[in-house]
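Subject: Structure handover

Hello,

Here is the structure I said I would pass on. My notes on it follow below.

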Amino acid sequence: MKSLIAVFIILISTSQAFASPAEDADRYFWCRVVHVADGDTIEVVKRGDDLEMIRVRLYGLDAPEGGQAYGKRAGRELKKLVHKKIVMVEVMQKRDRYGRVVGMVRTQDGLDVGRELAEAGLMWVDPGFCRPSRVCRGYWAAVRGAQREKAGLWKEQAVPPWEWR
């Protein structure tokens, strides 16, 4: 019984449901997209007094590189969805090895931008970075649907960017 209580206390103390407002402010932020760098990276200006420019990498997904089939199209589609628009970023990783914030990006109406691109056949789930979760299961389902429909890059034998590089 004591071990069950200890486990319960640990779960409560680490739960996101009990995160402080400061932690929430660091985890979620609204911003304007000012540039689309490629099919999975955007540059945003965070709302607030300091007009901070931040590079954001879409969480758990990988778009074809610019020199690959569908690489430029992925960038164009991402641009259609978010360029010069207000989006919300949910930070999943503070910084990657290139200094980018890694996060889920949602439009003002709640659309998960990464999932939308995966459904269009313009993304791979990156198995090295998409941790098992409800979000990643949704991304895998979107990719499988695009594969069944032979949408986008699934029309041909495309090479994942992490192998192409």
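Helix α3, residues 71-82, lies across β1, β2, β3 (53-58), β5 (86-93) and β6 (101-107). Its direction is at about 145° to that of β1. Please keep in mind that this is a predicted model.

The barrel

Those five strands form a closed barrel in the order β1-β2-β3-β6-β5, and the pairing in it is mixed. From one strand to the next, the twist averages 55°. As background, strands of a sheet pair through backbone hydrogen bonds, in either a parallel or an antiparallel sense.

Strand β1 (residues 28-38) pairs with β2 (residues 41-46) in the antiparallel sense, over six bridges. Within this pairing, D38 has T41 of β2 opposite it. Strand β1 also runs antiparallel to β5, and five bridges join the two. Here R32 is the residue that stands opposite I86 in β5. Strand β5 in turn is joined to β6 by six bridges, again antiparallel. Q93 has V102 in β6 as its bridge partner.

How far is β5 enclosed by the rest of the structure? Six of its eight residues are buried, so β5 is largely enclosed.

Single residues and side chains

R57 may be of interest to you. This arginine lies in strand β3 and is buried, with a relative accessible area of 11%; the cut-off for buried is under 20%. Which residues does R57 contact, once its neighbours within four places in sequence are left aside? They are D40, T41, D62, D96, R100, V101, V102 and G103. One of these, V101, is 44 residues away from R57 along the chain, yet the C-alpha atoms of the two are separated by 6.1 Å.

K46 lies over the face of F29, and the distance from the ring centre is 5.0 Å.

The structure holds one aromatic pair. W124 and W154 form this pair, which is edge-to-face, with 5.8 Å centre to centre and 70° between the planes. W124 lies in strand β7 (residues 124-125) and W154 in the loop between α5 (134-149) and α6 (161-164), so the pair ties together parts that are 30 residues apart in sequence. Are the two tryptophans buried or exposed? Both W124 and W154 are buried.

The chain as a whole

The chain has six helices and seven strands. Read from the N terminus, the elements follow the order α-α-β-β-β-β-α-β-β-α-β-α-α. Of the 165 residues in the chain, 42% are buried. The accessible surface comes to about 9900 Å², and carbon and sulfur atoms account for 55% of this.

Regards

Technical notes
Residues numbered from 1 in each chain as written. Predicted model: local features only at pLDDT ≥ 70, side-chain atom pairs only at ≥ 80, totals over all residues. Heavy atoms only, no water. Phe/Tyr/Trp six-rings, centres within 6.5 Å; stacked < 30°, edge-to-face > 60°. Helix = DSSP H or I, 4+ residues; strand = E, 2+ residues; numbered from the N terminus. Buried < 20%, exposed > 50% of the residue type's maximum accessible area, 1.4 Å probe, protein only. Lys NZ or Arg CZ within 6 Å of the ring centre and 35° of its normal. Pairing = 2+ DSSP bridges. Axes fitted to C-alpha atoms, helices over the stretch in contact; angles between N-to-C directions. Contact = heavy atoms within 4.5 Å. Areas by Shrake-Rupley, 256 points an atom, 1.4 Å probe, with all protein chains shown as cover.
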